[in-house]
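Please read them with the structure open.

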Amino acid sequence: MTALVLGAAAIFLIILLANHLAKEQRQQKETLEQAIFQIVEELEGAGNGDLTVRASLTSEEMSTVADLMNAIIESLQETAIQVKQSSI
């Protein structure tokens, strides 16, 4: 009987742990999705030609991506300035 109780308790603990991990993964996914949407919103103007926009680096999860996107936009902005100056 004791082995049966211990087995049931072990199964119960495994189920609790699995539920906790699933909840944690959902929260991490949601946090990442929010950070991605924030970057997309912040850089939306670049798609319309506004090369002065920059992504904020507030999200720890996406700071590297935001930094890279900022570098790309900055490079495009510098290229556009050089093209404009060379055509004058």
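Predicted model: local features only at pLDDT ≥ 70, side-chain atom pairs only at ≥ 80, totals over all residues.

1. Every value below is computed from it.

2. Span of H1. Helix H1 covers residues 2-47, which is 46 residues. From first C-alpha to last it reaches 66 Å. At 1.5 Å a residue, 68 Å would be expected, and the span is close to that.

3. Kink. H1 has a kink of about 35°. The kink is centred on Glu 41.

4. Buried residues of H1. Which residues of H1 are buried? They are Ala 35, Ile 39, Leu 43 and Ala 46. The numbering steps by three or four places. An α-helix has 3.6 residues a turn, so residues three or four places apart point the same way. The cover over these buried residues includes helix H2 (63-86).

5. Geometry of the pair. Two packed helices are described by the angle between their axes and the distance between the axes. For H1 and H2, the axes come within 12 Å. They cross at roughly 5°. H1 is therefore roughly parallel to H2, since angles under 35 degrees count as such.

6. Contact residues. On the H1 side, the contact involves Ile 39, Leu 43 and Ala 46. On the H2 side, these meet Val 65, Ala 66, Met 69, Asn 70 and Ile 73. The contact of H1 with H2 has seven nonpolar residues, one polar and no charged.

7. Asn 70. This residue lies in H2. Is Asn 70 buried or exposed? It counts as buried because its relative accessibility is 10%, and the cut-off for buried is under 20%. Leaving out residues up to four places away in sequence, Asn 70 touches Leu 43, Arg 54, Ala 55 and Leu 57. Leu 43 is itself one of the buried residues of H1.

8. Met 69. This residue is also placed in H2. Met 69 is partly exposed, with a relative accessible area of 31%. It is among the H2 residues that meet H1. Its C-alpha is separated from that of Leu 17 by 38 Å. Along the chain, Met 69 and Leu 17 are 52 residues apart.

9. Val 5. This residue is found in H1. Val 5 is exposed, with a relative accessible area of 52%. How far apart in space are Val 5 and Ala 71? C-alpha to C-alpha, they are 60 Å apart. In sequence, 66 residues separate Val 5 and Ala 71.

Notes
Residues numbered from 1 in each chain as written. Heavy atoms only, no water. Helix = DSSP H or I, 4+ residues; strand = E, 2+ residues; numbered from the N terminus. Expected span 1.5 Å × (residues − 1). Bend = angle between axes of the 7 residues up to and from the residue. Buried < 20%, exposed > 50% of the residue type's maximum accessible area, 1.4 Å probe, protein only. Contact = heavy atoms within 4.5 Å. Axes fitted to C-alpha atoms, helices over the stretch in contact; angles between N-to-C directions. Parallel < 35°, antiparallel > 145°, perpendicular 65-115°, else oblique. Nonpolar A, V, L, I, M, F, W, Y, C, P; charged D, E, K, R; others polar.
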